[in-house]
Amino acid sequence: MARLAEVSIKTVSNVINDYPHIRPATRQKVENAIAELGYTPNLTARNLRSGRTGAIALALPDLGLAYFAELAAQVIQEAEAAGVAVLVEQTGADRDRELELLRGPRRKLTDGLIFSPLGMSDEDVAALRVDYPLVLLGERIFDGPTDHVTMRNVDAARAATEHLIASGHRRIAVVGAHAGELVGSAALRMKGYREALEGAGIPYDDDIVGYTTLWHRANGADSMRELLDRGAHFDAVFGLNDTLALGAMRVLQEAGRHVPDDVAVIGFDGLDEAKYSIPSLTTVDPGREWIARTAVSTLLERIAGTPDPEPRTMFADFRILDRESAPA
């Protein structure tokens, strides 16, 4: 290329690496030579010299859940805008797989990890002390040794319940509670739900709480069917995520309960599909786009060597998306 462009090898290298102080005419000669010879840079060799791979990892519990699929898409979009590739891994919410992911040799294929554990807990906090940049997502572990980007689960769930109360509802059923859970999304959202009831002087009634394990549409449908079969009386439903709420809403309609005239329904996650259900689902947008953007930018700062050694916990803002299933 240097011979064809009639410049030095150093000048060719400067053009390839986008060195700014190159005369336009010289740059054009080199670019013409690159195009004529069909040259592409050896990214592996370049990364070996820099000590970086140009890729990050994203580990999520279950890509079958729309929330995690949409989060992954947004993380990939943010990373690509920064010129970084993303390797996506699914852990299945299995504690052993999550621990192996943190310490396994595949981490050497990337420069850092955005990690949303679901099987791990506060007892595993020591496993987060790794020798590579790590950003934590989710609600399983707080006050750990790494940056943490998460949502305001309690506040947002309280606001969702208050939205229903403000519309005159007093018997607000829940779909998606986890029996005995002390940490995690379900426990935090139930805490916000109970705080809203208490603030309005409405007694908590476990008879209108639908328990489940997973948070898929089928679980929401099964929980709602169980509530109806035992004659539970309610005038509104809070689905602890949108997929649960959509499954519950389908069963209500099959049972002849009109939404929102007979029963109002609100979800949580702000999924894109919630806009297109009939009726469209009122939901909480927990700030997923901000979470993706902040997680990527924070990880890239750590990869670049940000001098601040202290881990940061950052909370997204939320908003109620007022739609047809539970209008204000």
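This section describes the strand pairing and helix packing in a predicted model.

The predicted structure contains an open sheet of 6 strands, arranged in the order β2-β1-β3-β4-β5-β11 and paired in parallel. Its edges are formed by β2 (85-90) and β11 (313-316), each of which pairs on one side only. On average, and with direction ignored, neighbouring strands of this sheet are turned by 20° against each other.

The axes of α5 (residues 66-81) and α11 come within 9 Å and cross at roughly 45°. The two helices are therefore oblique to each other, and α5 passes α11 in a right-handed crossing. On the α5 side, the contact is made by Tyr 67, Glu 70, Leu 71, Gln 74, Val 75, Glu 78 and Ala 79. The α11 side contributes Arg 288, Glu 289, Ile 291, Ala 292, Arg 293 and Val 296.

Further parallel pairing involves strand β8 (residues 236-239), which is joined to strand β6 (residues 172-177) over 4 bridges in the parallel sense. Strand β8 also pairs with strand β9 (residues 264-266), again in the parallel sense, over 3 bridges. Val 237 of β8 takes part in both pairings: Ala 173 stands opposite Val 237, and Val 265 in β9 is the bridge partner of Val 237. The residues of β8 point in two ways from the strand, with Ala 236 and Phe 238 on one side and Val 237 and Gly 239 on the other. All four of these residues, Ala 236, Val 237, Phe 238 and Gly 239, are buried. Together with helix α10 (residues 242-254), strands β8 and β9 make a right-handed β-α-β unit.

Terms used
Residues numbered from 1 in each chain as written. Predicted model: local features only at pLDDT ≥ 70, side-chain atom pairs only at ≥ 80, totals over all residues. Heavy atoms only, no water. Pairing = 2+ DSSP bridges. Axes fitted to C-alpha atoms, helices over the stretch in contact; angles between N-to-C directions. Buried < 20%, exposed > 50% of the residue type's maximum accessible area, 1.4 Å probe, protein only. Right-handed = clockwise from strand over helix to strand, strands pointing away. Parallel < 35°, antiparallel > 145°, perpendicular 65-115°, else oblique. Left-handed = near helix turned anticlockwise from the far one by under 90°. Contact = heavy atoms within 4.5 Å.
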